[in-house]
Amino acid sequence: MTRLTRCSAAELAARIHAQDITAVEVTRTHLDRIAAVDPALHAFLHLDGPAALAAAAAVDDGLRRGDPPASPLAGVPLALKDVFTTVDMPTTCGSRMLQGWWPPYDATVTRKLRAAGVVIVGKTNMDEFAMGSSTENSAYGPTRNPWDLDRVPGGSGGGSAAAVAAFEVPLAIGTDTGGSIRQPSAVTGTVGVKPTYGGVSRYGLVAFSSSLDQGGPVARTVLDAALLHEVIGGYDPLDSTSIDAPVPPVVQAARAGATGDLTGIRVGVVSQFRGDGYQPGVRRAFEVAVSRLRELGADIVEVSCPSFDHALPAYYLIAPSECSSNLARFDGMRYGLRVGDDGGRSAEEVMSLTREAGFGPEVKRRIMLGTYALSAGYYDAYYGQAQKVRTLIIRDFAAAFDQVDVLVSPTTPTTAFRIGERVDDPMAMYLSDLCTIPANLAGNAALSVPAGLSDDDGLPVGLQVMAPALADDRAYRVAAAYEAARDDADGGPLVQRVPDLEVAAR
Amino acid sequence: MTAALMDYDEVLERFEPVLGLEVHVELSTATKMFCGCANVFGTPPNTQVCPTCLGLPGALPVLNGVAVESAMRIGLALNCSIAPWCRFARKNYFYPDMPKNFQTSQYDEPIAVNGSLAVELSGGSLFTVEIERAHMEEDTGKSLHVGGSDGRIHGASHSLLDYNRAGVPLIEVVTKPIEGAEARAPEIARAYVTALRDLLRALNVSDVRMDQGSMRCDANVSLMPRGSSTFGTRTETKNVNSLRSVERAVRYEMCRQGAVLASGGRIVQETRHFDEATASTSAGRRKETSEDYRYFPEPDLVPIAPSDDWVARLRTTLPELPWQRRARAKTEWGLSDLELRDLVNAGALDLIAATVDAGAPAAEARSWWVSYLSQQANSRGVELADLPITPAQLARVIALVAEGALTNNLARQVVDGVLAKEGEPDEIVAAHGLAVVSDDAALTAAVEQALAAAPDVAEKIRGGKVAAAGAIVGAVMKATGGQANAQRVRELVLALVSA
């Protein structure tokens, strides 16, 4: 492993923009790293080295001409979750259904990254259509956790988190519907942010659950995440649910937070997320993190959000309901997989055979759950009731943010589990997102920042910081202060302690 | 397969018909409901499409503001309340011509509710049809079933899909159950669709072409036994593509259902297909249990909350509506009910009103449309409104006559020129030299010539029979091809004779 891949995105960008190194050199180094470790990891579904090098060369050319960099991240390599459309790469969503589908258009996030000069090296693995918490539901095989190759990297965005944790790329994009950015970040020792709903355009993000899905950054430092957040965030007229307001000043907040002072900041500890059912090592790491926040000057208060207890069941009605409708379009008529079209079968039969063959078991389970929940006679009891819970959760957050500036909790109840451990137990799998789901239902901002290793298994633990809608910067400030203090106390960033995979890969 | 039919009078003796009409109207907005694709008819298949209207993974809808305003204007014109807050829902069902396998539509939160439309029947009486709702939705693509006998899916070997229409904005106007129509049920159905068409045309929100599918009517018909107050099972007849078909479809269903019920059978709740050629309906998709569309609020769009100011502003944009125009015709133009009805039946009322609005006196405007132009329409076999002359062009011709620049005879020649698409009235006048000749030198020469050719007439005039001057005027008019100013010719005749 060369030193370049160990650099943060901010450091790489500074050196590229100073023409101390070239973007091509940076990209080539990362492509070499991917070639060395990805066979063991399987973070990527698609790589396009030549296109990445060409994009990097274009950045270098501009800098040599004396053009200012297109953005603070111009020339930095990035991995894109395979749920965003790209005209020059396939977009499969980890599904057999879209194997080999090349979209005719770029997602807004893709377009913004290109415009910012960010070098997209490839598309990352994910649970099929973002449904899962382990990346084991990918039709193309699981991604492994760089901390322990026998364990999952979380999900659905396990590919993006693993790629960042394994130094394949300094930056990645994920999507978070119930925790799919934060949970993988927590279990891989990376920083993952779910921006305020509507803060990042969903145009070109293949929908799982439209009212919950939100794209966001994955990085190794809070500042890198903030830099990426500002590149992809902002109003998009192509997404009616996008917020027509300036992107919160997250970079400024990350820099301010890094000075380490949280005096006067009120931090609420969610009492619902610290009881039984949490791995003891996770609980202890969380308590240490809370103490550290107190040492930084924050006022710590216990806050009760009673409706959070109902968040998980409400989520598993709303998300499947929306997905049953969103995924109806995959019918083999216009694009993607088509099965059974032998000239003798009706369109209806072909649709049915295609969906039978194209979707994996978890996707089918959720489509069936959602179809049932929306059915006449059941709608009020299920979907309708879940929406009421959602309203209660929004109220709990509002009441909590009257008392405190941010809320904190463990990001996940456990550290990374073993591959195969929960595949036959959907309920156990669903519990991985227990702490992350409320922010999706309410639409506010939340992130996960590394909180050390669990003392019982030596695996990364995440600290979740939740902030009100459009106050993403608050979460960044607290996370940056905590990150600086933890790194100081620990002698460097947690992720630098990830095992050397090149050895493992050989 | 021909169904047994009950005699119409017997149907009414034994049953009361109940109607429900659902009219889909394609809005003539420049772009589609949720994307920027052009909303045009008749372009090559799959050329007006984008990721959004093709329902490609990741694509999202953005609501067309003009379509929302059109929906609100239609609601206001139908005396509906405009919802202070409403939203879209997803109607989920699988069909290949529906790109997302759900239709973005309004369900339990429509933009306009509780209105009415007064329709005029032959004989001049009014019947008020209550409107339940007007809501917005998107159209589907079109399936073309190939290899079967009649273009229907049954017997087809394969199907072709055209998504140009997918996402075209639609307004669906739904009536409340229409009771009390009795023997006039078929006529009322037709009159309602006609009145709605005229209203939408006046609002300028749709082409309202039933033949092109930009206005489509589904007719729900049921029969309720006399003495009962419970509605019978209804059928929904689709493919009703003309005003005449609306009337015929309702009448046919009444007679068919009457026969089924009289023979002890029961009506199956189903969609039926109207066949223009045989004027009959045939069973289509069964609807024994109402299909479960699993409606839920569309999460990709935000709710619409029209402000009072917005609604008030739109109210001021409503044009004169057909019934307001009829009232004006009676009071301002002094028409009798009978005259008015003839004008309405001839499709001339709106044209006359537009001609009046363009500056012509009502009497002249009416005279042109009901006599000369009606003859022209008849001989061409087209509707009056489809003649290639606009009210503004006719008003200009009428103005030229009033100025004395054209005689009535010349005016007809100019109108013929407009109908032949030779240009604007003034251009035709100039091109053909049709202007009235009022030049005294030219006219004096013509009058002298005419008097010389008829010395006996000249003598009579001199003897005091002034009326005889008409013969000379006529001769001059003939000699000048009708272009002479007749009034001036008459003056010259009298002056020259007495000179």
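Two residues are in contact if their C-beta atoms, placed from the backbone, lie within 7 Å. This is a predicted model, in which local features need pLDDT of at least 70, side-chain atom pairs count only at pLDDT 80 or more, and totals for chains, interfaces and linings use all residues. Residues are numbered from 1 along each chain as its sequence is written, while chains are lettered from A and ligands numbered from 1 in the order in which they are written.

**Figure 1. Contacts and burial in chain B.** Take the contacts in chain B with a separation of 6 or more: 69% of them involve residues 24 or more positions apart. Of its 499 residues, 41% are buried (20 or more other C-beta atoms within 10 Å of the residue's own, with C-beta atoms placed from the backbone).

Figure 2. Chain B holds 16 helices and 14 strands. Both are DSSP runs, numbered from the N terminus: helices are H or I with at least four residues, strands E with at least two. The radius of gyration of chain B is 30 Å, whereas a compact globule of 499 residues would have one near 23 Å. That radius is taken over C-alpha atoms, and the globule rule is 2.2 Å times the number of residues to the power 0.38. Along the principal axes, the C-alpha atoms of chain B fill a box of roughly 95 × 55 × 50 Å. The domain assignment gives domain 1 (8–309), domain 2 (320–432) and domain 3 (440–497). Such bounds come from an automatic or database domain assignment. The centres of domain 1 and domain 3 of chain B, taken over C-alpha atoms, are 67 Å apart.

**Figure 3. A helix pair in chain B.** Helix H10 (residues 391–402) and helix H11 (residues 408–419) of chain B have axes that come within 10 Å and cross at roughly 160°. H10(B) is therefore roughly antiparallel to H11(B) (an angle over 145 degrees). Axes are lines fitted to C-alpha atoms over the stretch in contact, and angles run from 0 to 180 degrees between N-to-C directions. From H10(B), B:Gln393, B:Val397, B:Leu400 and B:Val401 meet B:Asn408, B:Ala411, B:Val414, B:Val415 and B:Val418 of H11(B).

**Figure 4. Chain A.** Chain A has 18 helices and 11 strands. Its radius of gyration is 21 Å, close to the 23 Å from the globule rule for 506 residues, so chain A is as compact as a globular protein of that length. The C-alpha atoms of chain A fill a box of roughly 70 × 55 × 45 Å along the principal axes. Buried residues make up 63% of the 506 in chain A.

Methods:
Buried ≥ 20, exposed ≤ 12 C-beta atoms within 10 Å, placed from the backbone. Parallel < 35°, antiparallel > 145°, perpendicular 65-115°, else oblique.
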